[in-house]
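My entries follow in the order in which I made them.

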Amino acid sequence: MHRKGLFTPYAGILDKDVSEGPDPPVSSTDENLERGNWANKREYMLSMVGYAVGLGNVWRFPYLTYKNGGGAFLIPYFIMLAVAGIPLFFMECSLGQFSSQGPITVWKVVPILQGVGVTMVLVSTLVAIYYNVIVAYSIYYLCASFQSPLPWSGCFSWSDANCGVTPKEFCNVTSENGTATMVNATWLTDNNETCPAADIVSIPMQSPSEQYWDLVALQRSEGMEEAGEVVWYLALSLLLGWLLIGASLFKGIKSSGKVVYFTATFPYVVLLILLIRGVTLEGSREGIEYYIGTQSNLTKLAEAEVWKDAAAQIFYSLSIAWGGVMTLASYNKFENNCYKDSIIVCLTNCGTSVFAGFAIFSILGHMAHVSGKPVSEVAQAGFGLAFIAYPDALSKLPVSPLWSILFFFMLLTLGLDSQFASIEVITTSLQDTFPSVFKSKGSQLTVVTCMVLFLLGLPCVTRSGIYWVTLMDHFCGGWVLLVAAILELFGLCYIYGGNRFIKDIEMMIGKKTSWFWLWWRSCWFFISPCVLIVILAWSLLTFSIPTYGSVAYPPWGVSLGWCMTAFCLVWIPVCAVWKVLQAKGSLWQRVKTACSCTEDWGPFLECHWGERYQKKQCYWRKGSLSQPNKDACVITNIHSVKL
């Protein structure tokens with residue numbers, strides 16, 4: 001049977017049927033005339049790299065590296081890449097490409113676990129809400145960078161009395177009547193006095209960039225309880241972010257595939273420019289050594305926390321169990337080499353993280369040199385690195401607005417192409433699950449999705465918005481994904497059958513030797529599940545109430561976070577019970593039915609069913625062909641009209 005499904009007598013009929021509606025856009029080179037395919041391999045690979053390489057590669061990985069022993073951290077990092085990252089990424093790519101289905105309908109393979117797909121879509125939805133707020137922060141800072149000097153380069157009119165570059169020093173002075181008072185250096189000078197070292201009191205100050213982030217960019221309130229008004233310029237930045245995403249995805253993968261040529265490659269250009277500029281600055285060597293140089297601490301490898309951080313960073317950086325990997329792979333042609341793609345994307349993602357660390361810490365080293373502080377005092381985690389420490393460092397460079405514009409434009413592109421896949425997860429899942437409602441309305445669905453998510457994101461751009469962003473990040477992107485990934489492995493390896501799944505993969509990439517599959521079997525059946533279970537258990541045992549800086553969350557805020565986690569996970573048992581109730585027979589027979597793949601499980605196109613899926617044979621129009629032509633096949637699916 002011809003893999004391309006070339007079919008002459010009925011080509012006009014099929015072309016007419018699939019081209020009547022405006023969506024999904026297809027072309028004559030598409031193999032799947034109903035769902036469409038990537039225009040070419042480059043667009044798929046760039047989309048995958050753009051999805052995997054995100055903001056975390058720039059601010060989370062460098063921080064974890066210097067925190068966990070510098071260069072020594074790369075040892076557990078790449079071990080976890082081999083035993084958990086690549087195996088799970090390869091599995092999800094293969095599953096999506098084999099079935100040409102999104103993360104919900106792909107669970108025809110194990111219907112009782114369809115709730116795992118629902119969980120993935122809900123997580124992607126919640127993450128898309130707050131992730132685009134971070135994109136909005138980048139847009140705001142990008143616009144603010146078109147000023148000279150940069151507005152956060154000094155303590156200007158917007159700052160308060162606590163703004164300063166160096167700590168304020170006071171002296172404890174005892175007056176003649178025995179009263180202790182604190183005086184500043186000016187008083188000492190005026191009275192021709194000196195202060196003993198033991199009586200000097202140093203009061204730390206907030207840097208201009210830190211105050212600008214809190215007082216100007218966020219207008220941050222004192223806590224989650226004080227919502228305050230919507231910060232109008234952040235709301236406009238959020239709207240612009242959603243407009244960019246909606247325009248890029250208006251025609252699905254056909255339009256986003258063109259946009260990623262820029263959004264997936266531009267960050268590398270900026271990182272290279274920043275690295276070249278950074279290593280030429282005085283003090284850059286100290287920053288790089290602190291990041292991954294002579295200060296590497298191999299004794300850190302004996303700490304369990306280091307291995308947990310390495311595994312968690314690999315897992316979240318590759319976006320495993322978010323649904324995006326399956327979604328993007330589902331638009332591949334059937335015989336695409338998904339194994340080779342998985343290796344390339346995973347190595348590119350991890351290489352980008354290491355590369356970004358050099359660019360970031362070379363400039364932080366210069367900042368530490370200028371301010372006379374150790375690198376550890378200028379390097380911060382998360383938002384602090386991206387919107388406080390690094391902008392502060394850039395403000396000290398010659399032609400600082402140029403470097404600031406490049407940096408925040410890079411953050412914008414990193415955020416956008418990661419968002420593309422998240423929105424595709426939502427729209428593709430709706431189109432695959434409810435084809436009669438959404439299949440021909442892809443553009444409208446994209447617009448409505450972006451509008452709804454924009455409205456849901458407005459609480460995140462109020463004065464208490466940063467607390468909501470941090471809360472959602474803490475509770476939506478953690479344990480939920482680990483549970484989904486563990487069930488994914490369990491369902492495919494132990495319910496559907498790992499060896500059976502391997503035969504499905506070989507239908508796409510060709511027959512492989514038993515030695516080739518030995519490693520992947522070991523990871524899928526044992527190593528990867530154990531790693532994820534350990535991470536999950538460790539995360540739950542070491543759980544602490546989230547904070548933003550020194551601000552603790554109220555009990556109702558923490559309860560709301562757990563409710564978000566429960567809302568994502570509850571669909572797993574709900575869907576499992578529903579599938580069992582839908583089946584017929586005794587309880588055991590119902591469970592067996594719910595654990596067995598559905599009749600329409602298999603490759604999306606009939607011409608790819610092969611001998612293993614003979615029950616789904618191509619349908620031939622009697623009388624038109626006297627005998628079945630092995631090189632001709634009608635491209636249909638289980639919902640198409642039989643000819």
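I worked on a predicted model and looked up its second largest cavity, which holds about 80 Å³ of space. Thirteen residues line this cavity, and I noted S47, V260, L328, F420 and A421 as the closest to its centre. The elements that each give two or more residues to the lining are α2 (41–52), α9 (253–263) and α17 (400–433). By class, I recorded eight nonpolar, three polar and two charged residues in this lining. The structure holds five cavities of 30 Å³ or more.

I next turned to the annotation. The unreviewed UniProt entry lists G50, A52, V53, N57, S317, N349, L414, D417 and S418 under "binding site". These residues span 369 residues in sequence, yet no two of their C-alpha atoms are more than 13.9 Å apart, so I take them to gather at one spot. Of the listed residues, G50 and D417 are included in the lining of the second largest cavity.

I then examined two of the annotated residues. N57 is found in helix α3 (residues 55–67), and N349 lies in helix α14 (residues 338–371).

A polar contact of 3.1 Å joins the side chains of N57 and N349. Leaving aside residues up to four places away in sequence, I found that N57 touches A52, P62, S317, N349, S353 and A356.

How values were computed: Residues numbered from 1 in each chain as written. Predicted model: local features only at pLDDT ≥ 70, side-chain atom pairs only at ≥ 80, totals over all residues. Heavy atoms only, no water. 1 Å grid on protein atoms, 1.4 Å probe; cavity = no way out; pocket = protein on both sides within 12 Å on 5 of 7 lines; lining within 4 Å. Points joined across faces, edges and corners; volume = space filled by probe spheres on them. Helix = DSSP H or I, 4+ residues; strand = E, 2+ residues; numbered from the N terminus. Nonpolar A, V, L, I, M, F, W, Y, C, P; charged D, E, K, R; others polar. UniProt positions renumbered as here; feature names shortened; annotations may be inferred. Contact = heavy atoms within 4.5 Å. Polar contact = N/O pair within 3.5 Å; in protein donor to acceptor, adjacent residues only side chain to side chain.
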